[in-house]
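Hi,

Here is the structure I promised to pass on.

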Amino acid sequence: MKVKMLDEQVSKSCKEGQKHIEVGDLDNKEISTDLLIIGAGPGGYVAAIYAAKNGLDVTLVERERLGGTCLNVGCIPTKTLVKSSELSHNIQRAKEFGIEIDGNVKINMEAIIGRKDEVVDRLVSGIEFLMKKNKIKVIVGQASFVNKTTVKVTGSINHLVMAKNIIIATGSKITRVNIPGIDHPCVLDSTTALASTDLPESITIIGAGVIGMEFAFIYRNLGVDVNVVEFLDRPLSMLDKDVSKEIQKICKREKINIYTGSRVTKIEMSDEGKALVTYESKKGEQTLESDKVLVAIGREPNIDGLLLENSGVDLNENGRGIKVNKAMQTSNNHIYAIGDVTDILQLAHVASNQGLVAVDNILNKDITMDYKAVPNVIFTSPEIATVGMGEDKAKEKGLDITVSKARFMSNGKALSMNETRGFVKLVKDNKSGQIIGASIIGPDASNLITMLTTAIAKGLTDTDINKIIFPHPTTGEVIQEASQGF
Ligand code: FAD
């Protein structure tokens, strides 16, 4: 019966002119499932577990490793390197804390990368365990749509999966740019940089976005000479200007050279085997010399090989990513899309949250995504974290706001840590009194932002925050100080 239904769908797709799809192969294993999820990143695997826990029969397809970009070549490996590099930096400044290190401190890049691999492997095995525990069927292979309800998975065993509902969670891929010389072996991208056991003496990073700036601090804290070339007029241009300016000042002090308003035109090799990055700016054409180059220009939604044209799923107006409504539903009611592939926000926790919303809707709960309080952390040194609407955006929108800022400079805990750079900034909506946005640049920013995320999600006002008892001495007290400053 199952096979007959499949045959009917297959012949229908063929009649519709999709003859390029090889369906009905003898080695195709046929499966029916309540929910098929394509892609096992933080969007896909979280949705799979949640759906299984809620009684759905779930099939998850992944062509590489469970965990997706985030676990394998994104959030986790970068943060593991951040930890090693910060430790190296702290050792260099141990004297500030009364600790004198007698003898050489050696950076063993092989061991650093080895540790990173161990952390990643451990987390990937954890997901494998969770898949088994929740009885989720995992198929390894490349998924492509045969029609609106059937997906072919090409792997060591081919499968045809018929699903009542489908979630596309295929993430994003590195954007390729056409800079002459970009294919030279000395040019890395974020994925190859994370695997490289060769620590260069100098590196030029193209792109001062989140990934570029995190790598800038990773390398600098490991003692590498770092140049960053950015096309726009400031690094981390998605942040408020004052936050961007603060990190720029810190970069200057840390001797990370940032060249803004600069467009890279070519990469060449010198006779001595060095990379020569040429860029154009107001000052004319300039060239930077370094051992390696890291291209961190950005990522784009990944729909490669999905054959979306067979699925009835539309792309966004700009052709980038899959179009979804607030319930994460595509233009085909039974197909949902979550995570980076939707091109809404490239963040792991957003992908996971969108996955839960998609599953809730599949379970007929009427839930929609709310992006009012999405935290975003940038793991520079010090960290930067934001949530809600920034000051610049609020002003651009003409909102009636007041801004209050408090610096870490006089905070007891920050002083004891010798981490006094940066500030907490709160944006208050004058009509409601509610805090609608926050930016933190400074110690513990990645953890402190959770409190402000809760405040914004729950519509707390400055008066509400002022009534909360903050523990002393903590960096969190700077939040209250900022709130009391309204
Ligand atoms: P992905 O994690 O990209 O997973 C998609 C999966 O789908 C992949 O495993 C892929 O192999 C699979 N797939 C694709 N097509 C098919 C197909 N046709 N068939 C079968 N499988 C397929 N975010 C944060 O929130 N915090 C951070 O600190 C952070 N740091 C980052 C650092 C770097 C260097 C990078 C690159 C990214 C970082 N991100 C960070 C972003 C984060 O990794 C992504 O937002 C997140 O992984 C998106 O999750 P996803 O589930 O949408 O897709």
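Below is what I found, from the overall fold down to single residues.

A word on the basis: this is a predicted model, in which local features need pLDDT of at least 70 and side-chain atom pairs count only at pLDDT 80 or more, while totals for chains, interfaces and linings use all residues. Residues are numbered from 1 along each chain as its sequence is written, and side-chain values use heavy atoms, with hydrogens and water left out.

**Overall**

The protein has 14 helices and 22 strands (DSSP runs numbered from the N terminus, with helices being H or I of at least four residues and strands E of at least two). Its radius of gyration, 25 Å, is close to the 23 Å that the globule rule gives for 486 residues, so the protein is as compact as a globular protein of that length (the radius is taken over C-alpha atoms, and the rule is 2.2 Å times the number of residues to the power 0.38). Along the principal axes, the C-alpha atoms fill a box of roughly 75 × 65 × 45 Å. Of the 486 residues, 52% are buried (under 20% relative accessible area; exposed is over 50% and partly exposed in between, with a 1.4 Å probe and protein chains only).

**A helix pair**

Helix H4 (residues 75–92) and helix H5 (residues 109–133) have axes that come within 9 Å and cross at roughly 140 degrees (axes are lines fitted to C-alpha atoms over the stretch in contact, and angles run from 0 to 180 degrees between N-to-C directions). That makes H4 oblique to H5 (under 35 degrees is roughly parallel, over 145 roughly antiparallel, 65 to 115 roughly perpendicular, and the rest oblique). In H4, the residues in contact include Ile76, Pro77 and Leu81, and their partners in H5 include Ile112, Val119 and Leu123 (contact means heavy atoms within 4.5 Å).

**Backbone details worth a look**

Most residues other than glycine have a negative phi, and most peptide bonds are trans. Here are the exceptions I noted.

- Serine 381 and proline 382 are joined by a cis peptide bond, with omega about 0 degrees; proline 382 lies in the loop between strands E18 and E19.
- Histidine 472 to proline 473 is also cis, with omega near -5 degrees, and proline 473 is in the loop between helices H13 and H14.
- Lysine 255 has a positive phi of about 65 degrees and, at 56% relative accessibility, counts as exposed.
- Asparagine 418 has a positive phi of about 60 degrees and is partly exposed at 35%.

Best wishes
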